[in-house]
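Have the sequence and coordinates at hand.

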Amino acid sequence: MTTIHKNVEESQVTISELMLPSHTNFSGKIHGGYILSLMDQIAFACASKHSKNYCVTASVDTVNFLKPIEVGELVTMKASVNYIGKTSMIIGIRVEAENIHTGVKKHCNSSYFTMVAKDDDGNNVEVPGLILDSKLEIRRFLKSAHRLEIKRQKSQDFHSSKFEVEKHTDELKNHNVIVSYKN
C-alpha cells in the first residue's frame with residue numbers, strides 16, 4: 001500500500017463569524033462555551049478535509065482564554081493539521097477577534113484538538129501523512145509530538161496502580177494543601 005502524504009495547507013480551514021448578543025454570558029462577554037463549540041466545528045472540518053473521513057474529537061488540550069471577545073467583534077478561527085499519528089491528528093486552532101470599526105485585532109485563544117478519523121462502520125482509519133514545507137510547520141509538528149510524549153509520561157507516572165506517594169511528597173510542600181494521609 002502506498003502511503004499518501006499531503007501538504008499542511010491542503011487541509012487548512014478559516015472561518016469568521018460576527019459575535020451577536022445571543023452569544024454572551026452573564027457578564028456581557030462572548031460565552032467561552034460558544035467559542036469552544038466553534039473550535040470543535042473547525043477542528044472537525046480541518047481533520048475531515050485532511051483524512052477525507054468523518055472525524056471525532058478525542059481530546060482537547062490547552063484551552064487558554066487569553067482575552068475576552070466582545071459583542072460586535074468579528075471572530076476568525078484558523079485551523080491547521082499540526083501533527084498526525086496513525087489514525088489521529090492534532091489540529092492547531094488560533095482564535096482572533098477584530099473590532100470591525102477600528103480594525104484592531106487581538107489573539108484570544110490557541111488550542112489543540114486531537115481528532116480521530118473513522119470509517120463508515122465507526123472503526124478508526126489511517127490518515128494521510130504530512131509534508132512539512134516550512135520551519136513553522138516543523139516546529140508545530142515537533143511541539144505536538146513533544147506534548148504527546150509529556151502526556152504519556154504523566155499518565156504513566158500517575159497511573160493508580162504504579163503511583164508512589166513517597167516520590168511526590170516534596171512537591172506537595174509548594175501547594176496550599178494539608179496532607180493527612182498516613183502509610
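Which residues lie nearest the centre of the largest pocket?

## Basis

This is a predicted model: local features need pLDDT of at least 70, side-chain atom pairs count only at pLDDT 80 or more, and totals for chains, interfaces and linings use all residues. Residues are numbered from 1 along each chain as its sequence is written, and side-chain values use heavy atoms, with hydrogens and water left out.

## Largest pocket

Asn 82, Gly 92, Ile 93, Arg 94 and Arg 140 lie nearest the centre, within a lining of 17 residues. A pocket here is an open set of points on a 1 Å grid over the protein atoms alone, with protein on both sides within 12 Å along at least five of seven lines; lining residues have an atom within 4 Å of a point. The space comes to about 330 Å³, taken as that filled by probe spheres set on the points, which are joined across faces, edges and corners.

Strands S2 (13-18), S4 (73-84), S5 (88-99) and S6 (105-118) and helix H2 (135-157) each give two or more residues to this lining. H2 gives the most, with 5. Elements are DSSP runs numbered from the N terminus: helices are H or I, at least four residues, and strands E, at least two.

## Gly 92

Gly 92 belongs to strand S5. At 10% relative accessibility it counts as buried (under 20% relative accessible area, with a 1.4 Å probe and protein chains only). Gly 92 touches Lys 78, Ala 79, Ser 80, Asn 82, Ser 111 and Tyr 112, leaving aside residues up to four places away in sequence. Contact means heavy atoms within 4.5 Å.

## Largest cavity

The model has 1 cavity of 30 Å³ or more; a cavity is a set of points where a 1.4 Å probe fits but cannot get out. About 60 Å³ of space lies in the largest cavity. Its lining includes Asp 61, Ile 90, Tyr 112 and Arg 147. H2 supplies the largest share, 4 residues.

## Rings

The structure holds 3 aromatic pairs, with ring centres within 6.5 Å. Tyr 83 is in S4 and Phe 141 in H2, so the pair ties together parts 58 residues apart in sequence.

The charged end of Arg 147 sits over the ring of Tyr 112, 3.8 Å from its centre. The rule for Arg asks for CZ within 6 Å of the ring centre and within 35 degrees of the ring normal.

Conventions. Phe/Tyr/Trp six-rings, centres within 6.5 Å; stacked < 30°, edge-to-face > 60°. Buried < 20%, exposed > 50% of the residue type's maximum accessible area, 1.4 Å probe, protein only.
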